Amino acid sequence: MDLEITTLAERPGLAGALDEMPDTWPEFVLEDLVGWANFPRIAVEFPEFVLVATDPQGAVAARGYSVPFALGAKGRGGLPEGGWDQVLLWAFSDLRHGRTPDTVSAIEITVAAGRLGQGISGRMVAAMRENTRRLGFGELVAPVRPSAKHAEPTVPMEEYARRTRPGDGLPADPWLRVHVRAGGVVDSVAPVSMTVSGSLARWREWTGLPFDTEGPVRVPGALVPVHCSLRHGHAVYVEPNVWVRHRI
């Protein structure tokens with residue numbers, strides 16, 4: 001597909017279309033409070049780190065969000081167990097306190113619904129790597145949400161992330177495989193990358209499931225089971241992601 005991939009800073013008029021692009025995210029994932037509070041700020045505070053891909057008709061085919069942060073700041077040094085949530089908090093804390101960033105983290109790469117399977121995701125990873133280099137950074141990291149993990153929610157992420165295909169040795173998971181093919185290296189698991197909590201009524205609204213059983217509940221789109229407490233009237237989802245490092 002003939003795509004034009006630029007930053008939002010170069011085409012600020014696409015901000016609305018970027019938000020309105022149809023996607024396939026499960027509704028409950030959008031209820032992570034760290035993301036809810038901080039994700040919309042990326043396009044405003046870091047437009048040069050936001051990628052937008054359009055087709056020849058001008059329709060948005062994919063989007064990519066990333067943020068700069070100071071991995072080498074005091075008390076950090078290693079990729080956080082808190083994954084997606086933590087790197088968002090670090091990025092905006094660094095911006096507020098005037099810390100100089102030394103690393104870029106991917107936050108989201110999403111292909112528009114109806115355009116999956118066309119090789120666009122790989123092009124977006126490559127474009128994000130190039131944008132990271134263009135902005136003067138030496139490393140792009142990504143708290144990857146493996147695309148096929150939802151089919152095996154009871155398998156530990158550490159085990160799942162290390163699976164490889166016979167023959168070529170590439171990751172068994174399709175999304176991890178895209179990153180590795182682009183030059184990334186699987187680094188570690190972020191066991192508490194995202195947290196979504198809510199009342200049982202809210203979870204029923206988000207998922208259409210009854211949430212009437214004590215203990216783990218399998219939810220479509222969830223990478224691990226959701227923990228349901230009938231006694232306390234709430235359920236909590238703690239999502240693990242996989243850190244991938246891209247040396248630029």
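1. Helices and strands are named here as DSSP runs, numbered from the N terminus. The model is a predicted one. In this numbering, Arg115 falls in the loop that runs between β4 (103-111) and α4.

2. Is Arg115 buried or exposed? Its relative accessible area is 19%, and Arg115 therefore counts as buried, the cut-off for that class being under 20%. The side chain of Arg115 makes a polar contact of 2.5 Å with the side chain of Asp55. Asp23 lies 92 residues from Arg115 in sequence, while their C-alpha atoms are 9.8 Å apart in space.

3. Helix α4 covers residues 120-134, 15 residues in total. From first C-alpha to last, α4 reaches 21 Å, close to the 21 Å expected at 1.5 Å a residue. Its buried residues are Ile120, Met124, Val125, Ala127, Met128, Arg129, Asn131 and Thr132. Gly136, which follows α4, has a positive phi near 95 degrees.

4. The largest pocket has a volume of about 1,200 Å³. Its lining comprises 46 residues, of which Trp25, Glu108, Ile109, Thr110 and Arg145 are the closest to the centre. Which element gives the largest share of this lining? That element is β4, with 6 residues. Elements that each supply at least two lining residues include α4, α1 (15-20), α2 (33-45), β5 (139-144) and β9 (234-247).

5. The largest nonpolar core contains 74 residues. Those with the most contacts inside this core are Phe28, Ile42, Ile107, Trp203, Phe211 and Tyr237. In soluble globular proteins, nonpolar side chains tend to be buried together.

6. Neighbours within four places in sequence aside, Tyr237 is in contact with several residues, among them Phe28, Arg145, Met194, Val196, Trp203 and Pro225. Of these contacts, Phe28 and Trp203 are also listed with Tyr237 among the residues with the most contacts inside the largest core. Arg145 is one of the residues closest to the centre of the largest pocket.

7. Val196 belongs to strand β6 (residues 185-199). With a relative accessible area of 0%, Val196 is buried. Apart from residues up to four places away in sequence, Val196 touches Phe28, Val29, Glu31, Asp32, Trp203, Trp206, Ala235, Val236 and Tyr237. Asp19 is 177 residues from Val196 in sequence and 21 Å from Val196 in space, C-alpha to C-alpha.

Terms used:
Residues are numbered from 1 along each chain as its sequence is written. This is a predicted model: local features need pLDDT of at least 70, side-chain atom pairs count only at pLDDT 80 or more; totals for chains, interfaces and linings use all residues. Side-chain values use heavy atoms; hydrogens and water are left out. Helices (H or I, at least four residues) and strands (E, at least two) are DSSP runs, numbered from the N terminus. The expected span of a helix is 1.5 Å times one less than its number of residues. Buried means under 20% relative accessible area, exposed over 50%, partly exposed in between (1.4 Å probe, protein chains only). A nonpolar core is a set of buried Ala, Val, Leu, Ile, Met, Phe, Trp, Tyr and Cys residues joined through side-chain atoms within 4.5 Å. Contact means heavy atoms within 4.5 Å. A polar contact is a pair of N or O atoms within 3.5 Å; within protein, one must be able to donate a hydrogen and the other to accept it, and residues adjacent in sequence count only if both atoms are side-chain atoms. On a 1 Å grid over the protein atoms alone, a cavity is a set of points where a 1.4 Å probe fits but cannot get out, and a pocket is an open set with protein on both sides within 12 Å along at least five of seven lines; lining residues have an atom within 4 Å of a point. Grid points are joined across faces, edges and corners, and a volume is the space filled by probe spheres set on the points.
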